[in-house]
Amino acid sequence: MTAKRMIALAAMALTSPMLLAQQGVSKDEIRIGTIQDLSGPLAGFGKQARNGMQLRVDEINEQGGINGRKLRLYVEDSGYDPKKAVLAAQKLVNQDKIFIMAGHIGTAQNMAAMPVQFSKNVINFLPITAAREMYEPHHRLKYSFAATYYDQIRLALPTLIKEKNAKKVCTIYQDDEFGLEVQRGAEAALKAVNMELAEKTSFKRGATDFSSQVARMKAANCDLVVLGTIIRETIGTIGEARKTGFNPTFLGSSAAYTDLIHKLGGKAMDGLYATMTVQNPYTDEQNDKIRFWANKYKTKFNEDPTVFSVYGYSIIDTFAQAAQKAGAGLSTDSFVKIMDASTFEPDMFGSPKMTYTATKRLGNDQSRLSQIVDGKWKVVSGYITP
């Protein structure tokens, strides 16, 4: 054997363990990272999503883990600030050495954090946002689960216009990528029915006063308003409208589909429509499985679960199904290979079937309508297919 050959073999022996090592996966542990808003305007959502994730992690670990490995959830707070999301991603990826980023909340926050993850081959798995950027442009490390805000509104709005015989449609939206996606969906829907927006108004993230926007929409005689709003903006806009005697039909996206709307906004929120994929798990739900799950959650966290609790729970469950199939040699490559040939059947919460391929990274493009009736969300339509 030549000296050159011996040196090459020695180099391979030194580097091969490093090549084989998979960040975030050890003999007995899989590290999952998530970034939630635990201190900002979406803290209600973020804490619920975290709890839902932790519940499923604990269940899996109690059952022996995944192929002998226990799951460990690392949680960081972004405060719903993209700059803080970058710092959180850097900590999770570089210090905590996570295997995967799962259920990160927020559109702008995900877009800011993804480059940090992708530089270290860390997948962005089922972020809690319905923005198209979560799967477009195509990237090997992107997987999304929710029908987009754009498609939710684009498909639901024509149905509601027809049902309510609406003549003047307006929008109020958060001036960022989330709000703009709702706005674009509304414009696409109106174009399809040969209508145009009668008025469009926006607000900066974190705004609390919506009186000028409501006044503009009232002056335009809008009879249907599309809401590119989340929690307090939804409550603030509708509350201000009711106060001034302005009572159009209100339609929000899945970002406004939360029990916090009727819990915090009270009777004034009755009548609000929102698009959604999975139903809010009320503890007095008629479905026995959901009721059992909801009470288990309440026992553990001393609060009722919400749809964001379901998102967190389901995201970990979906991850676990794919990781289990990837076997003992779990790696980014083996996980991607499994995901790209996976179909996930509807769960007890009523979510549609999800399918992924190497070129299809949005699992589901369907949503349906719910309405707040007597202080509780009620499903009022079947899934609307594009």
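Predicted model: local features only at pLDDT ≥ 70, side-chain atom pairs only at ≥ 80, totals over all residues.
**Cavities**

Residues are numbered from 1 along each chain as its sequence is written, and side-chain values use heavy atoms, without hydrogens and water.

I get about 220 Å³ for the largest cavity (the space filled by probe spheres set on the grid points, joined across faces, edges and corners). Its lining has 20 residues, with Ile128, Thr129, Ala130, Tyr149 and Phe308 nearest the centre; lining residues have an atom within 4 Å of a point. Helices H5 (149-164) and H11 (307-326) are the elements that give two or more residues to this lining (helices are DSSP runs of H or I, at least four residues, numbered from the N terminus). I find 14 nonpolar, six polar and no charged residues there (Ala, Val, Leu, Ile, Met, Phe, Trp, Tyr, Cys and Pro count as nonpolar, Asp, Glu, Lys and Arg as charged, the others as polar).

The second largest cavity holds about 30 Å³. Its lining includes Tyr80, Arg205 and Glu233, and divides into four nonpolar, two polar and two charged residues.

**Helix packing**

I then checked H2 (residues 43-62) against H10 (residues 288-301): the angle is about 100 degrees and the axes are 11 Å apart (lines fitted to C-alpha atoms over the stretch in contact, angles from 0 to 180 degrees between N-to-C directions). So H2 is roughly perpendicular to H10 (65 to 115 degrees).

How values were computed: 1 Å grid on protein atoms, 1.4 Å probe; cavity = no way out; pocket = protein on both sides within 12 Å on 5 of 7 lines; lining within 4 Å. Parallel < 35°, antiparallel > 145°, perpendicular 65-115°, else oblique.
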